Amino acid sequence: MMLAGAQIVEDSNVAFNKNNASVAIEPSGPGEGPSFHVKPLIGSSKVVSRQPVDMSFSNITCTVSLGFNKGSKQILHGVNGRFRPRKLIAIMGPSGAGKSTLLDVLSGYRISGVGGAVFINGRGRIMKNFKKMSCYIQQDDRLQGLLTVGENMALAADLKLPTRMDKYDKGEVIEDILSNLGLYEHINTRGSQLSGGQKKRLSIALELINNPLIMFLDEPTTGLDSSSCSQVVQLCRNLAHQGRTIICTVHQPSASLFRLFDQVYVLAAGQCLYQGTTDNLVPYLEHASIPCPIYHNPADYIIELASGEYGEDKIKYLMSKTDNGRSLDWLEEPDSIPSMEALRKQHPLCELRNLDPGSSDEETSQSNQRSVLIRRGFLKAKRDATMTHLRVIVNILVGLMLGVLFINAGNEGSRVLDNYNLLFAILMHHMMSPMMLTILTFPAEMSVLSKEHFNRWYSLGSYYISITIVDLPISIVACAIFSVIVYTMSGQPLDIVRFSMFFVISLYTVLVAQSFGLMIGAAFDVVNGTFLGPTFSVPMMMFAGFGVTLRDLPSYLYWGSYVSYLRYGLEGFIAAIYGMDRPKLACEEALYCHYRLPRIFLNDVAMSPDMFWWDVLALTVFLFVLRIAAFLLLKWKLTAVR
Ligand SMILES: Nc1ncnc2c1ncn2[C@@H]1O[C@H](COP(=O)(O)OP(=O)(O)OP(=O)(O)O)[C@@H](O)[C@H]1O
């Protein structure tokens with residue numbers, strides 16, 4: 001099939017072929033549903049090639065805490081197993097059997113409450129090296145929906161392939177993977193517009209870039225129709241036969257899907273009932289005197305057995321028959337499976353040298369990660385309807401609304417209190433909109449971050465610096481537009497120094513509120529964050545000195561005014577508008593203007609205009625403390641909750 005020429009992905013260090021490309025997607029045999037004829041990945045030969053991996057695990061346990069004073073629960077009960085190289089392996093079992101937990105443990109994703117040992121090519125697993133040869137693709141597709149398939153791949157290649165690699169070589173790797181996975185014709189389609197099966201294939205394609213030897217996929221077929229299921233599993237099978245060990249959890253595969261797996265590992269309540277080839281399952285059950293009825297899908301039958309439908313004694317019996325996964329009798333050619341010692345001889349230690357290029361966990365330098373992530377961030381920001389477009393529009397609209405409502409309040413002596421209300425309303429706007437936007441959008445970003453960070457695309461530090469840099473110009477532009485509109489329409493003094501002071505305080509308030517939102521977004525999900533953000537903001541408002549002046553605050557509550565960043569914002573605004581010995585105000589709309597002299601107003605609201613630079617300093621401290629706290633929370637969230 002000839003495809004239209006793929007577009008070169010601009011601004012990337014990756015070049016794609018502009019010319020027409022031909023992609024081989026051949027339907028498979030009848031009855032098997034559509035599948036891909038996957039050729040060995042030619043481009044990926046440019047990535048360091050390594051020996052296939054034999055993985056085994058022994059006495060794996062996993063215990064989770066059920067909360068304070070509620071004890072703990074053991075999910076995996078000393079399971080054992082052996083996953084041979086070049087095999088597609090299915091971990092099966094009824095719901096709640098512990099499939100995802102076992103996958104989490106084997107992939108190294110789950111680290112707390114885990115016991116037992118994992119061996120790679122006969123040697124105890126060294127996590128740092130293991131992560132360099134493996135990847136984990138979670139059940140939900142964590143993709144950059146605003147970027148096209150080509151852009152997703154190009155940016156991933158810039159992050160995951162060595163920087164010394166030529167951009168044409170990187171392009172070749174990408175073209176090769178996309179062609180093989182049947183995604184080349186969708187190179188210009190955005191991630192969010194792909195179908196479920198295409199999203200799954202893109203998730204696999206992104207991880208294939210650095211040619212992992214072991215791939216873990218959590219329920220890759222969930223949510224797909226039967227034809228997409230077969231496509232994805234067939235694809236995994238072909239990738240496995242090229243020299244990878246691919247381990248998937250699957251729920252209840254159809255008979256035709258089941259046949260595509262080479263090896264099956266069946267769990268029931270955290271224990272192993274069967275480990276062996278797909279073909280050996282029926283003989284195994286016959287041997288155990290629990291034969292699979294004729295015309296019954298063996299996959300369905302073993303799940304029914306594992307669910308206890310035929311009695312708990314059968315589960316116990318099968319568990320003892322397979323010795324909780326220690327028995328290798330039902331694997332392919334059990335007599336020729338090498339011992340651990342033989343494996344170590346086959347794979348001398350020096351093989352690990354390739355995996356140990358330096359102390360860094362990631363493939364490329366921190367500066368490269370930052371520059372790629374900044375590029376990606378700006379590309380997303382340009383297209384993001386909420387974070388960028390809506391944010392600018394909201395600032396224009398709210399600026400106009402406040403401007404109309406408080407028109408010319410800034411210069412009129414009889415409307416000083418109105419103007420005071422306006423300044424507080426501006427603070428509310430600067431606090432609420434960036435904070436809520438971050439609380440609502442960051443949890444979705446967090447799931448992509450956790451996948452990409454776990455799969456070693458970049459460090460958390462690089463990510464954090466890049467989001468800070470990308471957001472700054474957007475915040476400055478949105479805040480500047482708002483400030484110009486509201487400042488001029490409400491008739492504040494047309495003095496560049498006063499405007500600059502007003503703008504600096506506005507921007508600081510936005511940045512502090514956003515950092516506060518980031519902290520909440522990093523620690524909580526959308527529901528809890530939406531509740532906690534405004535809840536924490538109420539005391540900030542109470543202690544800002546607006547309703548109750550700072551002079552009238554009871555002494556035992558005065559500490560509250562120090563921890564409210566709105567207090568510094570309001571004081572800064574007052575200094576900008578009424579400080580610096582502002583002369584008498586006009587009094588044209590009333591006979592008597594109590595606050596014609598700004599110093600009387602300053603005295604009544606108990607705010608000193610001399611504190612402006614202290615206010616800026618306090619907001620700077622807030623900004624740094626909240627940013628650092630948000631970073632630490634993110635770091636904790638990425639590791640401790642695993
Ligand atoms: N953090 C946790 N706290 C308490 N229980 C947990 C926790 N994680 C998992 N479990 C429990 O452990 C059991 C196994 O969970 P797991 O997600 O591994 O099952 P599964 O076989 O993948 O199920 P499914 O097919 O439905 O996804 C379930 O009963 C689950 O409720």
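Which element gives the most to the shell around the ligand? In this predicted model, that element is helix 1, with three residues. The ligand is surrounded by 13 residues, and the closest are Ser95, Gly96, Lys99, Ser100 and Thr101. By residue class, the shell divides into seven polar, four nonpolar and two charged residues.

Helix 1 covers residues 99-107 and lies across strand 1, strand 2 and strand 4. Relative to strand 2, helix 1 runs at about 65 degrees. The strands under discussion belong to an open sheet of four strands, ordered 2-1-4-5, in which the pairing is antiparallel. Strand 2 (72-83) and strand 5 (123-124) stand at the edges of this sheet; each has a single partner strand, so one side of each is left without a neighbour in the sheet.

The pairing of strand 1 can be followed on both sides. Strand 1, residues 55-65, is joined to strand 2 by nine bridges, and the two run antiparallel. Strand 4 covers residues 114-120, and its alanine 117 stands opposite serine 58.

How does this part of the chain correspond to the record, and what secondary structure does the annotated span hold? UniProt, in an unreviewed entry, places the feature "domain: ABC transporter" at residues 55-294. Over residues 55-294 the chain is 35% helix and 26% strand. The end C-alpha atoms of that span are 34 Å apart.

Two asparagines have backbone angles worth checking. Asparagine 211 has a phi near 55 degrees, a positive value in a residue other than glycine. Asparagine 211 is found in the loop that connects helix 5 (196-208) and strand 7 (214-217). Is this residue buried or exposed? Asparagine 211 has 24 other C-beta atoms within 10 Å, so it is buried. Asparagine 408 also has a positive phi, near 60 degrees, in a residue other than glycine. Its loop is the one between helix 13 (385-405) and helix 14 (416-454). Asparagine 408 has 17 other C-beta atoms within 10 Å and is therefore partly exposed.

The record also describes the later part of the chain. The UniProt annotation "transmembrane region", from an unreviewed entry, covers residues 392-410, 422-443, 463-487, 499-524, 530-550, 562-580 and 611-634. Two of these spans can be compared with the model. Residues 562-580 are 79% helix and 0% strand, with end C-alpha atoms 24 Å apart. Residues 611-634 are 96% helix and 0% strand, and the end C-alpha atoms lie 34 Å apart.

A further loop lies between helix 17 (526-542) and helix 18 (559-562), and arginine 551 has its place there. Arginine 551 counts as exposed because 11 C-beta neighbours lie inside 10 Å, and the cut-off for this class is 12 or fewer.

The whole protein can now be described. The protein has 21 helices and 10 strands. Its C-alpha atoms fill a box of roughly 105 × 65 × 50 Å, taken along the principal axes. Of its 642 residues, 45% count as buried. Among contacts between residues at least 6 apart in sequence, 78% join residues at least 24 apart.

Conventions
Residues numbered from 1 in each chain as written. Predicted model: local features only at pLDDT ≥ 70, side-chain atom pairs only at ≥ 80, totals over all residues. Pairing = 2+ DSSP bridges. Contact = placed C-beta atoms within 7 Å. Axes fitted to C-alpha atoms, helices over the stretch in contact; angles between N-to-C directions. Near = placed C-beta within 6 Å. Nonpolar A, V, L, I, M, F, W, Y, C, P; charged D, E, K, R; others polar. Buried ≥ 20, exposed ≤ 12 C-beta atoms within 10 Å, placed from the backbone. UniProt positions renumbered as here; feature names shortened; annotations may be inferred.
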